[in-house]
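Here are a few notes to read with the model open beside you. Take them one at a time and find each residue as you go.

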Amino acid sequence: MILASITASAEASGAGGIASMVISLVIMVAFLYFFMLRPQQKEQKKKEAMLSALEVGDTVLTTSGFYGTIIDISDDTVIIEFGNNKNCRIPMQRAAISVVEKPEDASKAVESKKGKDASKAVESKKSK
């Protein structure tokens with residue numbers, strides 16, 4: 001019953017039904033591109049830029065959750081040193097790196113944290 005009424009209205013509208021169907025299809029494709037494909041491509045470009053900027057001495061977080069320091073870089077592999085033990089060096093693929101922290105960024109973060117801690121200590125002394 002419902003199917004019959006839909007086909008009857010489609011036949012009655014003729015070319016108008018096809019045009020509206022094409023317009024709705026174009027809108028769905030545009031939605032798919034702008035909300036799914038485009039952000040994924042941006043994220044992929046950002047990750048490629050991050051991996052191409054790798055340098056020896058950078059601190060990295062791997063996809064498995066380990067923090068380490070890069071000690072050697074080749075074409076598609078890096079050798080990462082984990083922890084304070086200088087004998088724990090593991091070769092990994094570049095793709096296994098999820099976050100890179102440059103040494104200068106780390107020192108700035110430590111300095112800003114020290115500044116915040118010092119300001120909190122001064123505020124707590126003033127309140128007493």
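The points below go through some aromatic rings and then one threonine.

1. Keep in mind that this is a predicted model. A pair of aromatic rings is described by how far apart the centres are and by the angle of the planes. The count here comes to three aromatic pairs, and two of them are picked out below.

2. Start with Tyr 33 and Phe 34, whose rings sit 5.1 Å apart, centre to centre, with 80 degrees between the planes. That angle is over 60 degrees, so the pair counts as edge-to-face. Tyr 33 is partly exposed, at 36% relative accessible area, and Phe 34 is partly exposed too, at 47%.

3. Now look at Phe 66 and Phe 82. Their ring centres are 5.8 Å apart and the planes meet at 65 degrees, so this pair is edge-to-face as well. Phe 66 is in the loop between strand E1 (59–62) and strand E2 (67–73), while Phe 82 belongs to strand E3 (residues 77–82), so the pair ties together parts 16 residues apart in sequence.

4. Phe 82 has a relative accessible area of 11%, which is under the 20% cut-off, so Phe 82 is buried.

5. Last stop: Thr 62, in strand E1. Thr 62 has 1% relative accessibility and so counts as buried. Which residues does Thr 62 touch, leaving out those up to four places away in sequence? They are Ile 80, Phe 82, Met 92, Ala 96, Ile 97 and Ser 98. The Thr 62 side chain also makes a polar contact with the side chain of Ser 64, at 3.0 Å.

Conventions. Residues numbered from 1 in each chain as written. Predicted model: local features only at pLDDT ≥ 70, side-chain atom pairs only at ≥ 80, totals over all residues. Heavy atoms only, no water. Phe/Tyr/Trp six-rings, centres within 6.5 Å; stacked < 30°, edge-to-face > 60°. Buried < 20%, exposed > 50% of the residue type's maximum accessible area, 1.4 Å probe, protein only. Helix = DSSP H or I, 4+ residues; strand = E, 2+ residues; numbered from the N terminus. Polar contact = N/O pair within 3.5 Å; in protein donor to acceptor, adjacent residues only side chain to side chain. Contact = heavy atoms within 4.5 Å.
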